[in-house]
Amino acid sequence: MTYLDLGGRLSRLAALRMGFHEEDAMAKPTTVKIRLNSAANTGFFYVTKKNTRTMTEKMSVKKYDPKVRKHVEFKEGKIK
């Protein structure tokens, strides 16, 4: 016997009867992928992960840009 509401999902009571609990839900990931864009405006970028719980502000780091053949500042941007 299935317990479905109008949207096709299990009702909360039916889910509890079947053994599903709210704490079984997936946790939010602690790391997200970010893109580090070159401040030299060459279009070169690095992709890395950042822990959003420990680093709440935007990431900025000096790394090598092969297009200008120098170490330059890279600033965080979104991955599209």
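1. Val47 is the bridge partner of Arg35 in strand 2. Strand 2 (residues 45-51) runs antiparallel to strand 1, and seven bridges join the two. Strands here are DSSP runs of E with at least two residues, numbered from the N terminus, and two strands pair if DSSP finds at least two bridges between them.

2. This is a predicted model, in which local features need pLDDT of at least 70, side-chain atom pairs count only at pLDDT 80 or more, and totals for chains, interfaces and linings use all residues. Residues are numbered from 1 along each chain as its sequence is written, and side-chain values use heavy atoms, with hydrogens and water left out.

3. Six residues lie between the strands in the hairpin of strand 1 and strand 2, where Asn41 takes a positive phi near 55°.

4. Strand 1 also pairs with strand 4, in the antiparallel sense, over four bridges. Glu76 in strand 4 is the bridge partner of Leu36.

5. Asp65 lies in strand 3 (residues 60-65).

6. The backbone nitrogen of Lys67 does lie 3.1 Å from a polar atom of the Asp65 side chain.

7. Leaving aside neighbours within four places in sequence, Asp65 is in contact (heavy atoms within 4.5 Å) with residues including Ser38, Thr42 and Val72.

Key
A polar contact is a pair of N or O atoms within 3.5 Å; within protein, one must be able to donate a hydrogen and the other to accept it, and residues adjacent in sequence count only if both atoms are side-chain atoms.
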